[in-house]
Amino acid sequence: MKLYSLPLSPFAARVRGALYAKGLAAEMLAPPESFGTSSSFRKVSPTGRIPVLVRDDGTTLVESGVIVEYLEDAFPEPSLRPKSAEALAQVRLITQVADAYVMNALMPLFALFDTKEKDTSAIEAGLARLDDGLGKLDALLAPKGYANGERLTTADVWLTPIRFSLDGFMAFAGRKEVLAKHPRFAAYRDVIEGDPALGRVWREMNDGLKAFMESRASAS
Ligand SMILES: N[C@@H](CCC(=O)N[C@@H](CS)C(=O)NCC(=O)O)C(=O)O
């Protein structure tokens with residue numbers, strides 16, 4: 001297998017997390033320059049986006065959620081899905097809430113802080129939305145350990161890039177207090193660092209962030 005991926009892409013990071021946690025080998029491929037608008041890349045990725053999984057027969061699959069579920073179905077062991085229907089629903093709930101209420105609140109905030117003239121009312125509204133999302137997520141996390149308790153599941157594969165992006169946001173915006181009311185997700189960073197697969201994803205994203213900041217600094 002091959003995976004079109006970039007170190008800092010949170011969507012590609014999910015798939016890398018699933019590959020590493022399952023012990024699956026995949027060659028990492030960087031997409032071409034301007035892949036989002038490249039007509040030749042559309043032959044590989046109909047959405048023009050990464051991640052793209054290239055199977056050994058050359059067929060491709062896009063959308064991080066679909067790829068992670070495909071890996072689970074095609075390579076069931078070790079499983080990242082809990083056995084009981086109730087626990088699996090909880091895992092899916094965590095991933096859905098993390099995406100819908102945390103990731104979707106977080107991403108616009110980067111743009112709001114990345115301007116000379118700050119729109120303070122939009123920032124305050126955005127921070128309130130993020131705080132609400134973090135509260136919803138924190139309430140769903142297990143009191144300690146992985147997102148759903150003792151075993152790594154697809155929920156952890158989802159949460160790792162989100163937790164990384166949140167750390168990046170807190171540093172970028174100088175808003176360390178964002179996690180103050182959300183102790184479980186605050187402590188979750190230690191879970192990531194203590195797990196070989198999740199920790200690897202975190203370090204790769206960190207390397208990607210450093211490279212991004214350096215190229216941004218040299219361009220300005
Ligand atoms: N829903 C997609 C989102 C993928 C996505 O937005 N990837 C970004 C990289 S982080 C991308 O390829 N952007 C290219 C573009 O928008 O032109 C998924 O979950 O895979």
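Q: How do helix α4 and helix α5 pack in this predicted model, and what are the angle and the distance between their axes?
A: Helix α4 (residues 85–113) packs against helix α5 (residues 120–140) at an angle of about 160°, and their axes are 9 Å apart.

Q: Why are α4 and α5 called roughly antiparallel?
A: Angles over 145 degrees count as roughly antiparallel. The angle between α4 and α5 is about 160°, and α4 and α5 are therefore roughly antiparallel to each other.

Q: Which residues make the contact between α4 and α5?
A: From α4 the contact includes Leu93, Ile94, Val97 and Ala98; from α5 it includes Ala122, Ile123, Gly126 and Arg129. By class, the residues of this contact divide into 17 nonpolar, 2 polar and 3 charged.

Q: What is the hand of the crossing of α4 and α5?
A: The crossing in which α4 passes α5 is left-handed.

Q: Why is α6 described as roughly perpendicular to α7?
A: Angles of 65 to 115 degrees count as roughly perpendicular. Helix α6 (residues 154–173) and helix α7 (residues 183–194) pack at an angle of about 115°, with axes 10 Å apart. That makes α6 roughly perpendicular to α7.

Q: Which residues of α6 and α7 meet?
A: Leu159, Thr160 and Arg163 of α6 meet Phe185, Tyr188, Arg189 and Ile192 of α7. This contact has 4 nonpolar, 1 polar and 2 charged residues.

Q: What makes α1 oblique to α6?
A: The axes of helix α1 (residues 10–22) and α6 come within 9 Å and cross at roughly 135°. Angles over 145 degrees count as roughly antiparallel, 65 to 115 as roughly perpendicular, under 35 as roughly parallel, and the rest as oblique. The crossing at roughly 135° thus makes α1 oblique to α6.

Q: Which residues form the contact of α1 with α6, and how do they divide by class?
A: Pro10, Ala13, Arg14, Gly17, Ala18 and Ala21 belong to α1, while the residues of α6 include Thr154, Val157 and Trp158. The contact has 8 nonpolar, 4 polar and 1 charged residues.

Q: What is the hand of the crossing of α1 and α6?
A: Helix α1 passes α6 in a right-handed crossing.

Q: What makes β2 and β4 edge strands?
A: The open sheet has 4 strands in the order β2-β1-β3-β4, with mixed pairing. Strands β2 (27–29) and β4 (60–62) each pair on one side only, and they are the edge strands. From one strand to the next, the twist averages 20°.

Q: How do you know that β1 and β2 pair?
A: Two strands pair if at least two bridges are found between them. Strand β1 (residues 2–4) and β2 have 3 bridges and pair in the parallel sense. Within this pairing, Lys2 stands opposite Glu27 in β2.

Q: Which residues surround the ligand?
A: The ligand is surrounded by Ser9, Phe11, Gly36, Gly48, Arg49, Ile50, Pro51, Glu63, Ser64 and Gly65. This shell divides into 3 nonpolar, 5 polar and 2 charged residues.

Q: What kind of peptide bond joins Ile50 and Pro51, and where does Pro51 lie?
A: The bond between Ile50 and Pro51 is cis, with omega about 10°. Pro51 lies in the loop between α2 (39–42) and β3 (52–54).

How values were computed. Residues are numbered from 1 along each chain as its sequence is written. This is a predicted model: local features need pLDDT of at least 70, side-chain atom pairs count only at pLDDT 80 or more; totals for chains, interfaces and linings use all residues. A residue is near a molecule or strand if its C-beta atom, placed from the backbone, lies within 6 Å of it. Ala, Val, Leu, Ile, Met, Phe, Trp, Tyr, Cys and Pro count as nonpolar, Asp, Glu, Lys and Arg as charged, and the others, Gly among them, as polar. Axes are lines fitted to C-alpha atoms, for helices over the stretch in contact, and angles run from 0 to 180 degrees between N-to-C directions. Helices (H or I, at least four residues) and strands (E, at least two) are DSSP runs, numbered from the N terminus. A crossing is left-handed if the near helix is turned anticlockwise from the far one by less than a right angle, and right-handed if clockwise. Two residues are in contact if their C-beta atoms, placed from the backbone, lie within 7 Å.
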